[in-house]
Amino acid sequence: MIQKHLEYYLANLKHDVPAGLVVFLVALPLCLGIALASGAPLFAGLIAGLVGGIVVSWASGSQLSVSGPAAGLTVIVFNAIDQLGSYKAFLVSVVLAGVIQLALGFLRAGIIGAFFPSAVIKGMLVAIGLILIIKQLPHAVGYHKGFEGDESYMNETAASSFQELLDSIGSISYGSTIITAGSLLILLLWESPLLKRMPLAKLIPGPLVVVGWGVLHNAIAMKWFPAMVVNDGDLVQLPVTDSMAEFFSLFTLPDFSYLSNPYIYSTAITLAVIASLETLLSLEAVDKLDPLKRTAPTNRELKAQGFGNMLSGLIGGLPITAVIVRSSANINAGGHTRVSSFVHGIFLLLSILFLTQFMNLIPLACLAAILLQTGYKLAKPQQFAALYRQGWNQFLPFLTTVLFILITDLLQGIVIGICIGLYFVIVSNYRESIVLHYEEGHYTLILNKDVSFLNKALLRRLLNEIEENSTVVVDTSKAKFIDFDIREALQNFLKTAPDDNIEVVVHGPLAAQLA
């Protein structure tokens, strides 16, 4: 069995290693930006990325999901650090949150993920795609206010995102804009049928070429076109370590003396619940994006995230979740197995240890172009047309989810979308559970599926339509369950039917319940 798995992973290395490099390039600025926005040490974001890539990728049951620090937790983290007055104290909450997630996994709480409607998940993906485009456009022209909000759309950033777009118009960097335009052209050409047939294009991923183009442009501009140079503030900025001792000095250990503080536990519960929900949502979305349509075990994912958060907290990292932006970038780059996520973690480690000076030459505009392409693939106009053709019961929850994620935030938009989806489920059940047919003085009342108290008003209306001097057949053969309220209403009808000269015959295995 182990040999078979090893052969499978080795056979896909040609896809997974390039994909892992792309995910690394996307994750790098996000890890740093999220740490900055959280009020935590910058290295804490990189630690969380390392744990998500190197550890959680193997503990998880998903082949394509990528875990790391999540922007959706930044406000919680920032407030917790501020309230506790110590980052070491906050790390205790991260460890405890991991313990809670691990317990949720063993309690099989992952089943919650199966109750997210398909239309809502598709709406979430489209909304995230639109958010990526909106948030990356300023970075594409050299306006780098911060990458910390690029995976979320919280109330704190929703109104400011469009303002950033307006501000970026007056702050255009010609060098960044040229790099972005060239990067998008490269990515477009790499997707063309002509280049897809070329062996070199299959071997080298487009995003890697984009990075090479950005570094080359800046090198040429520095020598011959100074006005087109991308400044240091528009490049990736990694903390430089000159030795292993300096590297290990960046790790922070939790201070368990804070266990007596009640706020530690409320923070841990909040982190565990929000991180678990974001993880399950991302997992559902990744399963839908997976070209091979594999389904990841949700309970195992909760255990993996719990173990990851325990480890991340113990060595000074931020809390982690499965994140859809990095996961979709992984799929978009051609990742086939969990090796791509693992490789992205290895690249994060190597970049910190040995490659910081080289990585700091990469323009942020290159990363913006990669994310713009990812956003477009998630939010293609064809998605709207496809859901519209499926009917309003699919299109309205989808559209509602998209709009409310954009207006509010990810979790609120999902909840509202699910509520709209549930409305259509109730309406459908209301209409289809009980049917009344009429033909020449003969009525047939058919009870379908499960008939609950929600159908009581419908049943009363249909019974009132039955005329005097009629024959009624009550068919319960298709009903698996009849609620007490429904049985009571039918029993009352059976008692009063003779007064109107209505003959009632009951058929089906549940007829005894109406006697």
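**A hairpin, its sheet, and some ring contacts**

Let me start with the hairpin: strands S3 and S4 make it, with 2 residues between them, and Glu440 in the turn has a positive phi of about 50 degrees. Please keep in mind that this is a predicted model.

Staying with those two strands, S3 and S4 run antiparallel and are joined by 6 bridges, S4 being residues 442–451. As a reference point across the pair, His437 stands opposite Thr444 in S4.

Now the whole sheet. Its 4 strands come in the order S3-S4-S5-S6, the sheet is open, and the pairing is mixed. Which strands stand at the edges? They are S3, residues 434–439, and S6, residues 503–507; each has a single partner strand, so one side of each is left without a neighbour in the sheet. Ignoring direction, neighbouring strands are turned by 15 degrees against each other on average. As a general point, side chains in a regular strand alternate between the two faces of the sheet. Helix H22, residues 456–465, lies across S3 and S4 and runs at about 10 degrees to S3.

Next, helix H6, residues 118–140. At 1.5 Å a residue, its 23 residues should span 33 Å, and the end C-alpha atoms are 32 Å apart, which agrees. Is H6 largely enclosed or exposed? Of its 23 residues, 18 are buried, so the helix is largely enclosed by the rest of the structure. Just after H6 comes Gly142, with a positive phi of about 90 degrees.

On to the aromatic residues. The search over the whole structure gives 12 aromatic pairs. One of them is Tyr9 with Trp58, an edge-to-face pair at 5.5 Å centre to centre, with 90 degrees between the planes. Tyr9 is in helix H1, residues 2–11, and Trp58 is in helix H3, residues 42–59, so this pair ties together parts that are 49 residues apart in sequence.

The charged end of Lys303 sits over the ring of Phe106, 4.3 Å from its centre.

Last item, a loop residue. Where is the place of Pro226? Pro226 is in the loop between helix H11, residues 206–224, and helix H12, residues 244–248. Its relative accessible area is 60%, and because the cut-off for exposed is over 50%, Pro226 counts as exposed. From Gly175, Pro226 is 51 residues apart in sequence and 9.4 Å apart in space, C-alpha to C-alpha.

That is the end of my list.

Note on methods. Residues numbered from 1 in each chain as written. Predicted model: local features only at pLDDT ≥ 70, side-chain atom pairs only at ≥ 80, totals over all residues. Heavy atoms only, no water. Pairing = 2+ DSSP bridges. Axes fitted to C-alpha atoms, helices over the stretch in contact; angles between N-to-C directions. Contact = heavy atoms within 4.5 Å. Buried < 20%, exposed > 50% of the residue type's maximum accessible area, 1.4 Å probe, protein only. Expected span 1.5 Å × (residues − 1). Phe/Tyr/Trp six-rings, centres within 6.5 Å; stacked < 30°, edge-to-face > 60°. Lys NZ or Arg CZ within 6 Å of the ring centre and 35° of its normal.
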